[in-house]
Amino acid sequence: MSEKPTNFIRNIIDEDLSSGRHDSIITRFPPEPNGYLHIGHAKSICLNFGTASDYDGYCNLRFDDTNPSEEDIEFVNAIKNDVEWLGFSWNKEAKFTSNYFDVFYECALELIRKELAYVCFLNAEQMREFRGTLRVPGKNSPFRNSTADENLKLFEKMKSGEFKEGECVLRAKIDMSSSFMCMRDPTLYRIRFESHHQTRDEWCIYPMYDFAHCIGDAIEGVTHSICTLEFQDNRRIYDWTLENLDSFNKSNRPHQYEFSRLNLEYATTSKRKLKLLVENNYVSGWDDPRMPTISGLRKRGYTPASIRDFSERVGVSKVNSLTDISMLESSIRDDLNTNAPRSMAVINAIKLVIENYPEDKIELLKAPNHPQNKEMGNREIYFSREIYIDKADFKEIAPNNKFKRLAIGKEVRLRNAYIIKATRIEKDMEDNIKTIFCKYDSDTLGKNPADGRKVKGVIHFVESSNAIPATFKIYDRLFNNANPSKFEDMSTIINPNSLIIKHGFVEPNLKDAEIQKAYQFEREGYFCRDSEDKNLVFNKTVGLRDTWNQ
């Protein structure tokens, strides 16, 4: 087993193995296919699949497909793709909770025969009234004391489609005075006349998650059912269900353990709210690079290694907290700083003419693909009389002595090329700078000036005649508030500058840039080529440093 930071779940597993309670480890990842996975799911994926792998066990991918009105095969395929992209594989074929519908039905019959479940005809409003509050105990349903034979017949009618949706449900008979609301005769089955993406129209009754989940774990021999803290109280239903079914080995049944879910600054991990962002066109889709979905992060240029590293940095605890988004950005910076080749792109271009450079000459220079990794080799870049630089790298008059970029009368080095000095400018009719004119020192290619003068500033450039036009999508936080989940209407805190589109130029070697391959555009940040646009479009993954709080 590889060395990993310990946590309370690993401590439990170590104890279970050493005591002989279990001789192998089986976990599961049970997403509902009603949307795309987000960064919170990524943490759960890394925990469940990673932990099982570290203990030479395995993890099942099991789709919680018990609500056909919200689910779609599109989401099933997207979830599979995300798990595989993160670097994990599940045990054998992916499983579906619907695979066990026959077993759930038999388990429900068993509870009815034991007079531990009953068919209830209270409507939704009455159900809320009878349920009570945190301070007031609930009241027993008038249908609670019907006989097992009566309930068996009614449940069969539910299965046969003889009742309307919402007319009745099957409830567990537990304790309407329990201090835990989830134990006040929770619903086990409800009626849904919806075609299911796996079972089609075979069933019109569907089990609730709390009933199906624990039985699915038991069927699959899951040893450690790891979920987030919002299911902590529901562990009582998990245990109650398995303890009252004779079908499963009570001495070796699965147990549920809860950890804190991931809450990320400037993002929401509420699938319902993410769906609203998509449906209301605040974003272009589930894979919009501003979304905290795995597919959105992938399109933005995040790597599987960076997300796995982030999940490990966050750690596993039982305390809910809001994670600083800079931690996620630090993980991708660390990864790309090591692995991304360097290139040059001018995003806000302005033309620069080197007046003492030969008009008909184009020079090929060498530039390292990575300054710290010689194995990445070199690339050829063009240099000529006319180049593009970034508008932000020039001021007509230097604002102060600390200004290290180009200004009239001031020298800078062009990255991987010569030292230049600005001499004059040309403006348009609206007094905007149109062209910068410079002179270069021909004896400074790859070396310092012979007279010993110091030139500290370095700016990047792209040679104009071979420059390739490109579009740059500059992404930022989708929300202006660090904790958007506390807002029901998140449209009020949408960051209007979360996407800015700019048009500039890149080196010619990026003409056929690989889709989603990461590049460090020197002095600009990390970018990847967009996976959908046929044109040359680059998505900004992250800046070279965190500037959000500066």
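**Strands, helices and a sheet**

Mentor: Strand 1, helix 2 and strand 2 make a right-handed β-α-β unit. Right-handed means that, with the strands pointing away from the viewer, the path from the first strand over the helix to the second runs clockwise. Helices (H or I, at least four residues) and strands (E, at least two) are DSSP runs, numbered from the N terminus.
Trainee: What kind of model is it?
Mentor: A predicted model: local features need pLDDT of at least 70, side-chain atom pairs count only at pLDDT 80 or more, and totals for chains, interfaces and linings use all residues. Residues are numbered from 1 along each chain as its sequence is written, and side-chain values use heavy atoms, leaving out hydrogens and water.
Trainee: How many bridges join strand 1 to strand 2?
Mentor: Four, and the two strands run parallel. Thr27 has Cys59 as its bridge partner in strand 2.
Trainee: New topic. Which residues of helix 11 are buried?
Mentor: Pro304, Ser306, Ile307, Phe310 and Ser311. They sit on the same side of helix 11, because they cover an arc of only 165 degrees around the axis. That arc is of the directions from the helix axis to the C-beta atoms.
Trainee: What follows helix 11?
Mentor: Gly315, with a positive phi near 80 degrees.

How values were computed. Buried < 20%, exposed > 50% of the residue type's maximum accessible area, 1.4 Å probe, protein only. Pairing = 2+ DSSP bridges.
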